[in-house]
2 protein chains.
Amino acid sequence: MRAVVLAAGWGQRLRPGGDRAKILHPLLGLTFLDRVILTAKEAGVTEFVLVTGHLGEEVEAYAGDGSRWGVQVTCVRNEAWEGGNGTSVLAARPHVDNAPFLVLMGDHMFDPVVLRSLLAARLDPPVVAVDTHLDVIPDLEEAMKVRLDGDRVGAIGRELADFDAVDCGIFLFDGSVFPVLEETTAAGQGELSAAVAALAERASLRAWRIPATWWFDLDTPEMVARAEKALLRNLGKKEDGPVARFLNRPVSVRISRRVVNWPLTANHWSLLSFSVAVTGSLFLAVGPLVGFIVGGLLAQLASILDGVDGEVARLRHAASPRGGWFDAVLDRYADLALMLGLAIGAWRVSGDPLLWPALVLAVTGAMMVSYTSARYEGAGLGPSPVGGLPAKRDSRILILMVGAILVAPLVTLVLLAILSHGEALRRLVVWPRAQRGNS
Amino acid sequence: MRAVVLAAGWGQRLRPGGDRAKILHPLLGLTFLDRVILTAKEAGVTEFVLVTGHLGEEVEAYAGDGSRWGVQVTCVRNEAWEGGNGTSVLAARPHVDNAPFLVLMGDHMFDPVVLRSLLAARLDPPVVAVDTHLDVIPDLEEAMKVRLDGDRVGAIGRELADFDAVDCGIFLFDGSVFPVLEETTAAGQGELSAAVAALAERASLRAWRIPATWWFDLDTPEMVARAEKALLRNLGKKEDGPVARFLNRPVSVRISRRVVNWPLTANHWSLLSFSVAVTGSLFLAVGPLVGFIVGGLLAQLASILDGVDGEVARLRHAASPRGGWFDAVLDRYADLALMLGLAIGAWRVSGDPLLWPALVLAVTGAMMVSYTSARYEGAGLGPSPVGGLPAKRDSRILILMVGAILVAPLVTLVLLAILSHGEALRRLVVWPRAQRGNS
């Protein structure tokens, strides 16, 4: 699938000076252009026609041949960009064949699921993606309104009084759109919306309803702020435990927001979180009271930082199964180090021989909770079922921190052993009977 | 896809008395009929037409409506079965529509890959599967020989002098085969091979070469013995370590062969292996010398029995991801019990405090070897790469047995810790760079 990305406009409401291309405006570690290209790439688009205009040289130099994104990009300069974005679609004409192609606005941002669903629906062009969730549309006045007639567009226009949806700026066209664009442009209407309205008048424009999710027309600083919020709000994972959800994630998202521009990869953050945990384990091994307090707090800090690697990767569209594996294996070693540190610190003070069997059971329990889940997914049984005892990593580390600060190492290890082996045994009984896809 | 299974013949070379239907002859826990149906089911066939004749009532009572195999079976009695197996194909006519259907011999057994590959090739009927690996065909004299003409059958016949392949008894037909069968039957030639020869004469019969693998026409006790050997030889897994391959597997296969008929499921065998390991760990906890020897031997026996569950499941076409998961989780607990037992047994004698950290590291190392692999597959990165230190379960348990018998518990635990953590750390460095599909 090929996509034409419109990146010719000035964007004067966002960058009144027009000093730098709007499309290269940064948003949480990536430019607008990065986001639209990488989102489309995730949906399976591999070839792009990038239509430039205002500050075209800057945009073209940034995009190059697309290898920075691992896709193929052809840049086309639209000298007539001030005539409206319809002229930019026309400028792409020599670079698309008769097969269906997408038209995307370079300054729109949307949940990747939108494009994936649209392409999966395999509709015949012309199609416009519309959002019927009118109550959550910001800036409804500025939006291009759409009246639906079944699955067709009945009417479209900014001034429409009676409407059911708004146009999301995502189109599926084929070569038949160009004659219409030529007509409307020749009639002095250079905006794509004029051609879209002409298609709607002929009752030939299919309206495709997007799922209930976020998308933004990044036209003003306020919309950019809203988009940033939406991206950050969606950084959590559905398998997050309660401690991760309500304590760690809110903090780690604030950190990720600040550090996403730093020249550190997600794997660097995994290593950093691991280092903090190992440092914490050394403090724990020193023993109470200061060692236990500092060690416990560092353990919890490591648990919070453990969210940053994945968040940075997702914000940059750079999440990978290998990165997730690397982080997970480091986490197991961090768990081992922390519990071993706690046991050594306590042993130095009390010499209590019960600490050792408690440590063996606590550390193997932690690993079994992770193993049962990883092996389940490795067997192709789908995402591991949710629910159960508070024995996942977020809960275990919080318990360890509290136990260390309260100087109750043996009780802490026994509690961790009971919770984690209890959960592993629960899974051994329940999961073989679990139904697929109940996550 | 629908399959017609020919199950009408007497099979007098295998059962000279004709006292029980040949098709219900047992072979490693399943009857011939079970095997042909379950093999086809694995390739995606869900509807079967079973043509019975000799001892038809017995076969029909056994097959029922197919629910015993989770498929749909329609039984058709061919009263004229003594007229040749072509008449059995004709008897199935009212139960197949014009779509392509398979014809399988109820007394042939073949590697499931054969049917999967044939159906994946999506050829137009009529097709006959042929084997060109003539040097490994047993009983070549009795086989139906095929001379190839490109991808067509040039000539076919038992007495053919100049031939390139033999007919495997697997056909893909559609409704157009019936008129040919009627012709040849009317001409007094009731065997399917006569119709096949007629199709070949018209140069319209496609020959599809099967991959290099095993298949058997279970005509004589000797062929049944050969088929049994082939099934047993293929029970190993490609991820088996060296100890599994050369020590455990040869023994476990002999056990599986004997117990496959017992009314125990694969999960029962997983639990039995686990119980033997736990019993071994109790003996180990008693301490040297008798406890260590008995415990060590029981550990190795458990390791051998650990192969039986999967072998029994595979022999019965009953292997499942859930069963594999259940076995894997029990194995981790058996590992924990055995190493804990060894450490307790040694501790009771020596009181050496180094035993505890050695135990912690040995037991976590064992889990990390399993975890890194499970998590890798869970991340969708494909089968985990092979190679590395001898730290998989088969090697670890052998080391534990030898160490226990030599009464060297601390050295054993330290060696296990070094090998397993060494392997886990090797993976942490090497695997993120591993290429996909290099297993």
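Where in chain A does Pro126(A) lie? The legends below answer this and walk through several other close-ups. This is a predicted model, in which local features need pLDDT of at least 70, side-chain atom pairs count only at pLDDT 80 or more, and totals for chains, interfaces and linings use all residues. Residues are numbered from 1 along each chain as its sequence is written, chains are lettered from A in the order in which they are written, and side-chain values use heavy atoms, with hydrogens and water left out.

**View 1. A cis peptide bond at Pro126(A).** Pro126(A) sits in the loop between α4 (112-121) and β8 (127-131) of chain A. Helices (H or I, at least four residues) and strands (E, at least two) are DSSP runs, numbered from the N terminus. The bond joining Pro125(A) to Pro126(A) is cis, and its omega is about -5 degrees. For background, most peptide bonds are trans.

**View 2. A cis peptide bond at Leu289(B).** Here the bond runs from Pro288(B) to Leu289(B), with omega near 0 degrees. Leu289(B) belongs to the loop between α9 (266-286) and α10 of chain B.

View 3. Gln300(B) counts as buried because its relative accessibility is 6%; buried means under 20% relative accessible area, exposed over 50%, and partly exposed in between (1.4 Å probe, protein chains only). Its side chain makes a polar contact with the side chain of Asn248(B) at 2.8 Å. A polar contact is a pair of N or O atoms within 3.5 Å; within protein, one must be able to donate a hydrogen and the other to accept it, and residues adjacent in sequence count only if both atoms are side-chain atoms. Leaving aside neighbours within four places in sequence, Gln300(B) is in contact (heavy atoms within 4.5 Å) with Leu247(B), Asn248(B), Ile397(B), Leu398(B) and Met401(B).

View 4. You will find Leu55(A) in the loop between β4 (47-52) and α2 (56-63) of chain A, and at 30% relative accessibility it counts as partly exposed.

**View 5. The interface of chain A and chain B.** On each side, 40 residues are in contact with the other chain. The two chains bury about 3,900 Å² between them, 79% of it on carbon and sulfur atoms; buried area is the accessible area (1.4 Å probe) that two parts lose on being put together, summed over both. In chain A, Arg322(A), Trp325(A) and Tyr371(A) lose the most area to chain B, together 22% of what that side buries. Twelve residue pairs are in polar contact between the chains, both residues at pLDDT 80 or more. Among the elements of chain A, α12(A) gives the most to the side that touches chain B, with 16 residues.

**View 6. The axis relating the two chains.** A rotation of 180 degrees with 0.0 Å of shift along its axis superposes chain A on chain B (RMSD 0.1 Å), which is the relation of a two-fold axis. Copies are superposed by least squares on the C-alpha atoms of residues with pLDDT of at least 70 in both. In chain A, the C-alpha of Gly378(A) is nearest the axis, 1.7 Å from it.
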